[in-house]
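Biologist: Could we go through this model together? Please put it on the screen.

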Amino acid sequence: MEVLTLVALVAGSAVVAGLARRTPVPAPLLLVAAGLLAAYVPGVPTYALDPHIVLPLLLPPLLHTAAVDSSYLDLRANIRPIALLSVGYVLFATLVVGYAAYLLVPGLSLPVALVLGAVIAPPDAVAATAIARKLGLPNRITTILQGESLVNDATAITAYKVALAAVVGVGAGWAGGIAEFLLASVGGVGVGLLLMVPIHHLRTRLKEPLLQNTLSLLIPFVAYAAAERVHASGVLAVVVVALYIGHRNWQVDFATRLQEEAVWRMVAFILESVVFALIGLQLPVVLKGLGEYEGMVAAWYAVAVFVMVVVARFLWVFPATFVPRWLSARVRSREPETDWRAPVIVGWAGMRGVVSLAIAFSVPMSVPHRNLILFLTFTTVIGTLVVQGLTLPPLIRVLRLPPRDLHAETLAEAQAQSEASRAAEERLAELLEDPANSLPGPLADRLRTVMERRRNAVWERLGEVNPITGESADDVYRRLAREMIEAEREVFVTLRDRRRIDDEMLRALLRRLDLEEAAAYREEA
């Protein structure tokens with residue numbers, strides 16, 4: 001791919017994703033639609049998905065960002081439904097969709113049909129997290145969808161390899177398939193467990209933020225490559241390492257955390273935008289190779305497979321939700337009560353994405369009906385993203401799921417801050433008793449004032465709001481603080497322009513203000 005072509009893809013995707021933030025439509029849907037339209041604009045080059053780029057170069061950082069931002073404790077608390085979806089459902093969908101395609105398409109052998117089933121079995125990690133964030137789903141549903149999307153790619157890729165081996169005549173039967181699945185899953189987790197401690201230890205020992213961020217960018221690729229080297233699941237290795245890093249991110253110094261957050265937000269924004277735009281741009285490539293399957297026959301196959309994908313998810317989600325609760329008192333005691341609305345949302349939130357397309361493009365040319373596999377994968381991905389993605393928000397509104405209790409969350413935050421502030425007060429008193437820590441009275445009072453400000457900030461969000469602006473006292477405080485910082489910034493620039501300070505000093509002064517403003521922004525977020 002030429003440099004200008006790649007730049008145009010990234011720039012165009014970023015523009016569309018930026019515009020999507022001004023609309024109620026999730027960015028993935030607009031990006032896919034823009035890709036579909038752009039695919040037939042004269043002068044737009046052909047962008048063919050290369051699985052050798054998507055799987056090892058795009059998937060690891062996307063999984064890393066999703067896993068680092070996930071809660072290890074929440075995922076562990078919901079391990080049963082996550083495992084049932086990420087492993088059980090993917091295998092179930094592979095068999096059900098594959099067998100349905102075998103019955104539907106004349107001349108399609110069962111092993112080839114199972115290849116198709118494995119390709120379109122996993123819901124997409126990027127689509128699930130992007131749309132869940134946009135919709136503000138209840139915490140438990142969001143955790144389950146995120147946990148599923150972190151692991152299911154590994155299950156699908158392994159199932160695909162087993163089915164493909166059967167197609168090309170090198171399969172070892174059920175025993176060989178189970179052995180390969182165990183090698184991929186146990187090996188991937190094992191590689192992640194081996195890497196996570198030394199990688200995190202290195203992160204905490206590096207004192208230069210630039211080196212720490214360079215290491216941060218390399219981590220998902222190192223974990224993925226190391227696992228794939230021993231024929232284990234690179235996906236699981238990336239997820240295990242990222243969950244450990246995210247859980248212990250507090251042990252890294254603040255400068256690294258600030259830079260990492262900014263860097264990874266940019267990386268995730270660019271990659272997510274490009275991935276969804278690429279999905280739409282595949283239309284000419286897929287249609288060009290469709291061959292004998294054309295017109296209404298191909299459309300009928302596409303609709304039938306899409307419906308089967310949707311139905312298979314509901315056939316799995318409802319029993320997986322309620323049967324364990326009926327059979328086990330332990331499950332009932334450990335997990336919160338749920339009704340039929342939650343599995344409806346989980347069942348409908350099964351959007352497919354770029355991983356399915358990348359696996360489909362990796363199917364060898366010698367596999368019979370390869371073009372049909374590509375076409376049905378593409379139509380299923382587009383169908384789930386458009387149909388389910390567009391209807392999920394109104395479905396959530398109709399079902400009236402209980403929203404997040406923001407008041408309770410703010411109250412818990414305030415109580416946590418209050419306990420932390422008491423500990424800080426006690427520590428400050430101990431430190432000031434030591435003559436080595438003697439401070440003038442005003443400076444000691446300033447430390448106490450800053451601590452008191454942090455303690456009161458959260459409580460103020462629970463108080464009355466400004467009748468004119470609708471802001472809480474804490475909101476007004478932060479806004480005024482930012483205005484003061486902006487006034488200082490303008491003075492520093494003016495002094496530089498008048499040659500009273502040089503550019504090096506200006507950068508030092510602005511960095512100090514930037515850190516203060518970043519702290520205010522993080523409090524607000």
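Biologist: Among contacts in the protein chain between residues at least 6 apart in sequence, what percentage join residues at least 24 apart?

Modeller: The share is 80%. Contact here means heavy atoms within 4.5 Å.

Biologist: What kind of model is this, and which conventions apply?

Modeller: It is a predicted model, in which local features need pLDDT of at least 70 and side-chain atom pairs count only at pLDDT 80 or more, while totals for chains, interfaces and linings use all residues. Residues are numbered from 1 along each chain as its sequence is written, and side-chain values use heavy atoms, with hydrogens and water left out.

Biologist: How many helices and strands does the protein chain have?

Modeller: The protein chain has 22 helices and 0 strands. These are DSSP runs numbered from the N terminus: H or I of at least four residues for helices, E of at least two for strands.

Biologist: And how compact is the protein chain?

Modeller: Its radius of gyration is 26 Å, close to the 24 Å from the globule rule for 525 residues, so the chain is as compact as a globular protein of that length. The radius is taken over C-alpha atoms, and the rule is 2.2 Å times the number of residues to the power 0.38. Along the principal axes, the C-alpha trace spans about 85 × 65 × 50 Å.

Biologist: What percentage of the residues is buried?

Modeller: Buried residues make up 45% of the 525. Buried means under 20% relative accessible area, exposed over 50%, and partly exposed in between, with a 1.4 Å probe and protein chains only.

Biologist: Turning to His 64, where does it lie, and is it buried or exposed?

Modeller: His 64 lies in helix α3, residues 51–68. It is buried, at a relative accessible area of 4%. Beyond its neighbours within four places in sequence, His 64 is in contact with Ser 216, Ile 219, Pro 220, Val 238, Ala 242 and Trp 264.

Biologist: Which helix holds Gln 212?

Modeller: Gln 212 is found in helix α10, residues 209–229. With 3% relative accessibility, Gln 212 counts as buried. Leaving aside neighbours within four places in sequence, its contacts include Arg 203, Val 252 and Glu 260.

Biologist: What about Asn 456, and how far is it from Pro 324?

Modeller: Asn 456 is in helix α20, residues 441–461, and is partly exposed, with a relative accessible area of 27%. Asn 456 and Pro 324 are 132 residues apart in sequence and 45 Å apart in space, C-alpha to C-alpha.
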